Amino acid sequence: MNFDYADRIKKLPPYLFAEIEKIIHEKKAQGLDLISLSIGDPDLPPPEIVINTIKKEAADLQNHHYSLSQGEPFFREAVSTWCKKRFKIDLTKDEVICLLGSKEGLVNIARAFVNSGDKVLVPDPGYPVYSNSSAILNDGIPIPIPLIEENRFLPDLEKLDPKKVKMMFLNYPNNPTSATVDKSFLGQVVDFARENNIILCYDNAYSEICFDGYKAPSILEIDGAMDVAVEFHSCSKTFNMTGDRIAFAVGNKHLLNGLAKIKSQVDSGPPVYLQKVAAKALESYKSEEPPEFLKKNNAIYSRRRDILVNQVNSLGFACEKPKATFYVWLNCGCNSLKFANKLLEVGVAVTPGIGFGKYGENYVRFSLTQPEKRIKEACNRMATLTKKDC
Ligand SMILES: Cc1ncc(COP(=O)(O)O)c(C=O)c1O
């Protein structure tokens, strides 16, 4: 027997994160007390409203049938109400679709619109799904958009070549750099997409994890965005529901119809009880301000951020405090794998920047997804390292 993988799978680069997971697993199996600051999976629990509603709605036998692949009408209504409160944007139910996690939507939208050989602009460093799954697995060609520190990790739109580009992914608040944007920059992005007939996929997975008064905008707040853009949101990080797999996309109806067409052929919607849970969680927004539980979570992340950033800066690095996300992106000034290995030697796991693309080299990403005590312990362990170690 000889079952060869499809060519598109052979084009995938090695998945560095799986390698890191393996090392962490091995170290733990050897009995080492490793502090993992590498994974973007919140340690904080889902809010009470989520747990209570899951218990109630999962117990209702009517909630276990197939659901509509674009999402139940009540869920889409709840999303549209949330968007109005949070971003002051008006959306009909047809401008909302429910997803089995935003990752699924990010890949299936490209499946709906990218033809073989089409170019797909992807941030570098960036969430690897854009390049590997949205582009390569759909036979598209990923073209990196360099995100460099000198440009505050924003794309230099004038340097991008729009020829043969069908789709563009952007993500702010950004993983891994934790960079943020303002509406005037988003205006330039929308102009660029409109002038060049490019589908703009705006990943806003971290919109609710903001600090120091910063409020992440929606691309759909920008005039003309509805003509070209789809924005992705997720309950994963907002409500600490990474394992539950529920998210949504909003925006241009034609683009969402394409996504719905794919989804109707490959899956059904998330369980009805989960859609009821997510709707309830979204309803806890009474205004554009986040509900109390989110404010508390963000206060926890910002305390952890301060501890970590103060420590690395005291070791001779220069790291700014991010205004959003639960990541700290450190310019370690040397080979990122080598630096991550040095941290592993002292019992701290981080993600080497090279795993997010070529422009991630010389950086490492810390996730603030461990309790404060463990972050402090990680800082103590790192105290033996200095910038000179690079
Ligand atoms: C930028 C970004 N987008 C999307 C996702 C996927 O989230 P979901 O759990 O909704 O699939 C992640 C997960 O880490 C992410 O970092």
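The largest pocket is lined by 28 residues, and those nearest its centre are Gly40, Lys103, Tyr127, Lys237 and Tyr327. A pocket here is an open set of points on a 1 Å grid over the protein atoms alone, with protein on both sides within 12 Å along at least five of seven lines, and lining residues have an atom within 4 Å of a point. Two or more lining residues come from each of α2 (16–29), α5 (102–113), α6 and α8 (235–238). Of the elements, α2 gives the most, with three residues. Helices are DSSP runs of H or I with at least four residues, strands are runs of E with at least two, and both are numbered from the N terminus.

The volume of this pocket is about 670 Å³, taken as the space filled by probe spheres set on the points, which are joined across faces, edges and corners. By residue class, the lining holds eleven nonpolar, ten polar and seven charged residues. Asp, Glu, Lys and Arg are the charged class; Ala, Val, Leu, Ile, Met, Phe, Trp, Tyr, Cys and Pro are nonpolar; the others, Gly among them, are polar.

Some notes on the model. It is predicted, so local features need pLDDT of at least 70 and side-chain atom pairs pLDDT 80 or more, while totals for chains, interfaces and linings use all residues. Residues are numbered from 1 along each chain as its sequence is written, and side-chain values use heavy atoms, with hydrogens and water left out.

Next, the backbone. Which peptide bonds are cis? One joins aspartate 124 and proline 125, with omega about 5°; proline 125 sits in the loop between β3 (119–124) and α6. Another runs from asparagine 175 to proline 176, with omega near 15°, and proline 176 is in the loop between β5 (165–171) and α7 (183–195).

Phenylalanine 153, in the loop between β4 and β5, has phi near 60°. Phenylalanine 153 counts as buried because its relative accessible area is 11%, where buried means under 20%, exposed over 50% and partly exposed in between, with a 1.4 Å probe and protein chains only. Asparagine 240 has phi of about 55° and lies in the loop between α8 and β8 (247–251). Asparagine 240 is also buried, at 9%.

Last, leucine 137. Leucine 137 is in the loop between α6 (128–135) and β4 (141–146), and counts as partly exposed because its relative accessibility is 31%.

Conventions: 1 Å grid on protein atoms, 1.4 Å probe; cavity = no way out; pocket = protein on both sides within 12 Å on 5 of 7 lines; lining within 4 Å.
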